[in-house]
Amino acid sequence: MPKFEDYRTNGSAAYDIRTVKENTARPLERPERLPDAPQRTKPLKRVKTKLAIAPFTVLGTAVAVVMLFLVVFSYVRLYEAQSAVGELKDTKSALSEEQQRLRSQYENSLDLAAVEARATELGMRQPLPAQIVYVEVAAGDTVQLSEAPQDRNIFEQVYDAFYGVISDVVEYFS
């Protein structure tokens with residue numbers, strides 16, 4: 001019988017096959033016959049799943065699409081408003097230049113002697129002292145009218161917003 005030291009090789013747990021005299025491996029056992037596979041009696045049915053759409057999914061999708069259209073058309077309205085503001089600014093600057101030109105032309109053409117000569121040509125004359133009436137208006141007699149903003153509830157504001165967007169969409173596509 002071999003000793004314990006004979007089974008170790010340099011401190012490993014492996015047997016030294018040169019020192020083992022007899023084969024300790026078991027013979028391979030093979031079954032005589034493999035079992036038969038079970039036969040299917042019925043063909044397999046393929047189950048078709050129905051596509052179920054939840055109403056909340058449809059509603060959520062519809063709301064998302066409506067919101068998308070609202071965002072897109074609000075950007076279109078914003079772009080059109082910015083374009084209109086740009087055109088109005090250009091018009092304002094052109095009118096301001098024309099106003100400055102006309103004001104300078106008016107101030108240069110103002111000649112009191114020429115105005116008096118033209119008035120006498122037309123038959124006008126200076127008023128007599130009895131014809132001059134002075135009117136003094138106290139500050140308490142003046143009235144300044146301003147319209148107070150109307151308070152509307154949130155539903156009216158939302159309705160007006162949707163109506164404005166829908167009318168803009170109809171106008172845009174017509």
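Analyst: Helices are DSSP runs of H or I with at least four residues, and strands are runs of E with at least two, numbered from the N terminus. This is a predicted model, in which local features need pLDDT of at least 70 and side-chain atom pairs count only at pLDDT 80 or more, whereas totals for chains, interfaces and linings use all residues. Residues are numbered from 1 along each chain as its sequence is written, and side-chain values use heavy atoms, with hydrogens and water left out.

User: How do you know that E121 and R118 are separated by about one helical turn?

Analyst: Both belong to helix α2 (residues 112-121) and are three residues apart, which means about one helical turn between them. An α-helix has 3.6 residues a turn, so residues three or four places apart point the same way.

User: What makes the contact between the side chains of E121 and R118 a salt bridge?

Analyst: A salt bridge requires a side-chain nitrogen of Lys or Arg within 4 Å of a carboxyl oxygen of Asp or Glu. For E121 and R118 the N to O distance is 3.2 Å, and the pair therefore meets the definition. The whole structure holds three salt bridges, another being that of E98 and R101 at 4.0 Å, N to O. E98 and R101 also lie three residues apart, in helix α1.

User: Why is E121 called exposed, and what is R118 called?

Analyst: Buried means under 20% relative accessible area, exposed over 50%, and partly exposed in between, with a 1.4 Å probe and protein chains only. E121 has 61%, so E121 is exposed, whereas R118, with 47%, is partly exposed.

User: Which parts of the chain does the pair of D168 and R77 link?

Analyst: The closest N and O atoms of D168 and R77 are 2.7 Å apart, in a salt bridge. This pair links distant parts of the chain, with D168 in helix α3 and R77 in helix α1, 91 residues apart. At 26% relative accessibility D168 counts as partly exposed, and R77 does too, at 38%.
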